Amino acid sequence: MGSAFSSKKNKKGGGAAKQKGEVKKNKEASTPKPDKATKGSSSPEKQEKSKKSKPTSDSPAAKEKPAKKKDEPAGEDAGDALVEASKKVNKEDFELLAVIGRGSFGKVMQVKHLATGQIYAMKVMRKDAIIQKNQVTHTKDEKSILQKIGHPFIVRLHFAFQTRDKLYMILDYVNGGELFYHLKKEGKFSVERVKLYAAEIASAMMHLHAQGIVYRDLKPENILLDKDGHIIITDFGLSKEIPVGDNEGTHTFCGTPEYLAPEVLRGQGHGHAVDWWSLGTLIYEMLTGLPPFYSKNINFMYKKILSSELTFPSYISEDARDLLEGLLTRDPERRFKGEDVKEHPFFSDIDWDKLEKKLIEPPWKPTVKGEGDISQIDEYFTNEDAVDSYVERSPLNQLDDEDKGMFEGFTFAGESTLG
Ligand SMILES: Nc1ncnc2c1ncn2[C@@H]1O[C@H](COP(=O)(O)OP(=O)(O)OP(=O)(O)O)[C@@H](O)[C@H]1O
Ligand SMILES: [Mg+2]
């Protein structure tokens, strides 16, 4: 058997090696066959391609048209009761500035609130796609969890509103770029950088877990850097409330191939421990350039996650190895978790109180020139026109009355100056 590391070493592009997100939306299969999850997954080369190929999350029925046509009434169906509830803040209050990302159900755009000039990120999701992929509960959980979380390393939700066809979330705009983008450019990070990122992510996970929330989607695409180089975690689309200490709390097969914990692959039920496994995978990837059990072939990768020996390149320190062995322990009961991480020698020079007050200066700072800077975002996104696609109704995407009610309660106006 070739070592886990040597197979990864052959990969070019370092952190670019991704098979992003496809499994994430293959939900609700309680005893999955690994090959089910391969659907739509791509090799790193394909991943590169997929970022450049025409996005598919908007159906062919979707036609691009400017969102802010002066003669267009607020909302796409002003008579709809749900839209009425969104009147306080709605999409007409925002100018679309740039596309900054693509999610499974639509785009993420940088926007400006017209009345205050404040810059935000607007995540747009199509209701028909959410219903089709059985993601209504996850989407509502995403909003309700974000709504109640306040933490220095987690993105803040300011508003959520909806039109007849779409859901909108207005979040802080985080301008330092994805960890994925930086890792892809740099190959790997210095130990000092990894230590701070890992500690900030661990701090966020401990906060979530203490509130009974499991994140379930730690990966470099969902981790952003703020203007000073601190971590901000975004994308709560897979988060779920599970009682603390319950390691068999849920059976949903979800996540992203590289970061899936063995218990998820086995379909045996999982809990908060999955986030510590993913953190181990992420730390390994930041230190070496590739996840520990990486293979182009997803089924082979799953086999490696389940049973391959964990190996390290020679430059990985004893402390880092010990931490990674603890986090990448296959038995979730024996795996390192919060306090084990916090007290581990790898983090011996981290002052956790200072860390949580953002008083530790990051060893690396993105070069951004102001709040609205988009220079740290892949041009593949920013080259796109910032438009909110118009959903044309066809028998295929018609939402019936029952469907409309599914998103009741989504609308939210946080404590903000916008209100
Ligand atoms: N608040 C934000 N500030 C800046 N960029 C953001 C913000 N939120 C999301 N993004 C960008 O948009 C991308 C897609 O958003 P998000 O991950 O929330 O969508 P998603 O539907 O869960 O995507 P996927 O399923 O592919 O992971 C992120 O990877 C990130 O690059
Ligand atoms: Mg994401």
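The model is predicted: local features need pLDDT of at least 70, side-chain atom pairs count only at pLDDT 80 or more, and totals for chains, interfaces and linings use all residues. Residues are numbered from 1 along each chain as its sequence is written, with chains lettered from A and ligands numbered from 1 in the order written.

**Shell around ligand 1**

- The shell holds 23 residues, and Gly 101, Gly 103, Val 108, Ala 121 and Asp 235 come nearest (near: C-beta, placed from the backbone, within 6 Å).
- Strands S2 (94–103), S4 (119–126) and S6 (166–172) each give two or more residues (strands are DSSP E runs of at least two residues, helices H or I runs of at least four, numbered from the N terminus).
- S2 gives the most, with three residues.
- Nine shell residues are nonpolar, seven polar and seven charged (Ala, Val, Leu, Ile, Met, Phe, Trp, Tyr, Cys and Pro count as nonpolar; Asp, Glu, Lys and Arg as charged; the others, Gly among them, as polar).
- Domain 1 (50–175 + 370–409) and domain 2 (179–356) each supply at least three residues (bounds come from an automatic or database domain assignment).

**H7 against H9**

- The axes of helix H7 (residues 191–210) and helix H9 (residues 273–288) come within 10 Å and cross at roughly 165° (axes are lines fitted to C-alpha atoms over the stretch in contact; angles run from 0 to 180 degrees between N-to-C directions).
- H7 is therefore roughly antiparallel to H9 (over 145 degrees).
- Val 194, Tyr 197 and Ile 201 are among the H7 residues in this contact, and H9 contributes residues including Asp 275 and Leu 279 (contact: C-beta atoms, placed from the backbone, within 7 Å).

**H9 against H11**

- The axes of H9 and helix H11 (residues 318–327) come within 8 Å and cross at roughly 145°.
- Trp 276, Trp 277 and Gly 280 of H9 take part, among others, with Ala 320, Leu 324 and Leu 327 of H11.
- Nine residues here are nonpolar, one is polar and none is charged.

Notes: Parallel < 35°, antiparallel > 145°, perpendicular 65-115°, else oblique. Contact = placed C-beta atoms within 7 Å.
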